Amino acid sequence: MYAIVRDLPSSFANCVTSVDNNNDPINIDLARKQHEDYVDVIKQHVKHVIHVPADEAHPDCCFVEDTAIIVGDRAIINHLGAESRRKEVSGIENALKEVPVIKSIVHMHEIDPKATLDGGDVLYTGKHLLVGLSHRTNQSGADVLVKTFSDKCPVHVIKSLLTHDSLHFKCILSMLNDNTLLITDHEAGQQVMDEIKSFTGDHYTFIKVPEQVPSNILSLDGGKFIIYQKDFSESEKVIIEELKNKRGVQVKALCMSELIKADGALTCCSILI
Ligand code: CIR
């Protein structure tokens, strides 16, 4: 397996965010430390980690997940929903060229100039490619994924998140393995779950997590090891019970408070191939 990660730039505090951080601004040194801890854990589980240097002109550049979608030997470079982030992709495209399994790289905006899509709205489970429409990902963006990847796996477009106030699809959903998903236990989560079931039947078991932030875990080693967000005690109870105790998953809690202030989730700081 390969992982792509990218350093935090010194300009990180100027990131795009919906969080009001006026009373508790982003602490850049702490953010760097939290990100380094995250990368260190990944390095213990992934053989090849490609480290892309920070791009000072792009405060959000560490959120690499948003920049590309990879299924099998094909990668698509996204046209990101936030205009200020669009040029982040070149550093990641270079990194993708170092991954031997990737044989072709296409650019979303060349396929359809109207398309916008963030990787935070796309979950590739290994069985299905699930694409959530959001304020960042439009129907044209989803259509490009359908066109590009339908020969590889079923691609399903989930629409119910659009009526809710959530940045990305994966803010409320993440995977443990190719048949187990975690989802936030709220109305939006219920609707998204129903929609996924309407396409995939009973393929997935859903684990309901009480809070939104910790619904996003990072799963490594095929779901035998996960990183989850520290300091969400209600959700931690569910993660310990459902993943560690019932399923024998090894778990590691990390505090990512400064990245949360930037609307960053755990999956968004890496691309796993
Ligand atoms: C943004 O608003 O684009 C960044 N500040 C956060 C992106 C987080 N990406 C993700 O969860 N996939």
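This report looks at salt bridges in a predicted model.

## Ground rules

Residues are numbered from 1 along each chain as its sequence is written. In this predicted model, local features need pLDDT of at least 70 and side-chain atom pairs count only at pLDDT 80 or more, while totals for chains, interfaces and linings use all residues; side-chain values rest on heavy atoms, with hydrogens and water left out.

## Salt bridges

Side chains of opposite charge can pair when their charged atoms come close. The structure holds 14 salt bridges. Each is a side-chain nitrogen of Lys or Arg within 4 Å of a carboxyl oxygen of Asp or Glu.

## Two pairs within helices

Helices here are DSSP runs (H or I, at least four residues), numbered from the N terminus. Asp37 and Lys33 both sit in helix α1 (residues 28–45), 4 residues apart, or about one turn of the helix. They form a salt bridge, with the closest N and O atoms 2.9 Å apart. Asp37 is partly exposed, at 28% relative accessible area, and Lys33 is partly exposed at 43%. Partly exposed lies between buried (under 20% relative accessible area) and exposed (over 50%), using a 1.4 Å probe and protein chains only.

Helix α6 (residues 233–247) holds Lys237 and Glu234, 3 residues apart. That spacing is about one helical turn. Their salt bridge brings the closest N and O atoms to 3.1 Å. Lys237 is exposed, at 54%, whereas Glu234 is partly exposed, at 43%.

## A buried pair and its network

Glu258 forms a salt bridge with Lys261. Their closest N and O atoms are 2.9 Å apart. Both Glu258 and Lys261 are buried. A network of salt bridges links Asp24, Glu258 and Lys261.
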